[in-house]
Amino acid sequence: MVPGEGLRVVVTGATGNAGTSLVRALEREPRVGSVLGLSRRPPRRAFGAAEWAAVDLAREDVGPRLAQYVAEADAVVHLAWRFGPTHDPVATWRTNVLGSVRVFEAVGAAHVPVLVYASSVGAYSPGPGGGAPVSESWPTHGWPGAAYTREKAYVERVLDGFERDRPQTRVVRLRPGFQFKEEAAGAQWRVFAGRLLPGGLLRPELLPLVPELSGLRFQALHTDDAADAYRRALLRDVRGAFNLAAEPVVDTAVLAEVLDARPVRVPNAAVRGALAAAWRLRVAPSSPGLFDAVLRLPLLATGRARRELGWAPARTSVEALEALLRGLRSGAGD
């Protein structure tokens, strides 16, 4: 970095849910001089002063282009991730696993000083029986029944090797819970619920009941709060993993209150069976394996992020869910 010019930051997956929030956060950060956003497709409308380039990490010949883009970077934030098609795990593997390997190799070859990677609560092994929150030392073996959790766990192992072989690069892994914001609601709904079920149906007059599932407890945060943690991880001299989540823990009671609906006990097997049938018929994009994984996610202890990053979410998990619902009901999209 040339003194006085500010940090040069490259962000993969920059047009996604977390990427758009992070690019905006970095453009407000005075210590950042320039931002290059990489994505499979450039944004339909540019925002701010960020530069953009189209890069498909699944392509075997993408290496030279990646090398060119990260050559002058002071930091790389790797957010790119493909959630589907869930019926073709080879396609997601090529982007998520092999694409991550290509990013890490480019970072290492260019001797980039800082690498920040977007891991996930999905990388963790199932939580303890009592439901106590887990720290960053909890095993990251994922859940074998879902491509998303398998891939997140595998990339953690790849990153272990990268850290061992390139100790001169400061590596930070952020493991957030579910991230929601109004602008990304439509895209997230299409990824997990499909195009045949309109998000506008999530209204009290149309959805008076919410299923009460055994074991359903998860954590969420607003995507802008996650982006603030990524920004802090770039700028602070920290290494290792950090859990990110907001309070309260989301369970059926919280969902019922947010949706203004009445909880009704439904057997998990019935819901899983209906989801499996819809998935096999290609009506629903979410696989039954992902349903199994969600019910096994551990709760996250976020003390390390609060202490070492000086991070705290500005919004509650309920506010994050409410932002998602506003976006679904209004048809918002970024």
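I started with Pro-85, which I found in the loop between S4 and H3. This is a predicted model, and in it the peptide bond from Gly-84 to Pro-85 is cis, with omega near 10°.

Staying in that loop, between strand S4 (75-78) and H3, I looked up Phe-83. Its relative accessible area is 39%, so I noted Phe-83 as partly exposed.

Next came H3 itself. I checked its length: 21 residues (89-109) at 1.5 Å a residue should span 30 Å, and the end C-alpha atoms are 29 Å apart, which agrees. I also noted a kink of about 30° in H3, centred on Gly-99. After H3 comes His-111, with a positive phi near 55°.

Then I went looking for another cis bond. Glu-247 and Pro-248 are joined by one, with omega about 0°. Pro-248 sits in the loop between strand S10 (240-244) and helix H7 (252-259).

Where else is phi positive in a residue that is not a glycine? I wrote down Asp-260, at about 55°. Asp-260 belongs to the loop between H7 and strand S11 (262-265). Its relative accessibility is 54%, and exposed means over 50%, so Asp-260 counts as exposed.

Arg-282 went on my list too, with phi near 60°. I placed Arg-282 in the loop between helix H8 (268-280) and helix H9 (288-294). At 60% relative accessibility, Arg-282 counts as exposed.

Note on methods:
Residues are numbered from 1 along each chain as its sequence is written. This is a predicted model: local features need pLDDT of at least 70, side-chain atom pairs count only at pLDDT 80 or more; totals for chains, interfaces and linings use all residues. Side-chain values use heavy atoms; hydrogens and water are left out. Helices (H or I, at least four residues) and strands (E, at least two) are DSSP runs, numbered from the N terminus. The expected span of a helix is 1.5 Å times one less than its number of residues. The bend at a residue is the angle between axes fitted to the seven residues ending there and the seven starting there. Buried means under 20% relative accessible area, exposed over 50%, partly exposed in between (1.4 Å probe, protein chains only).
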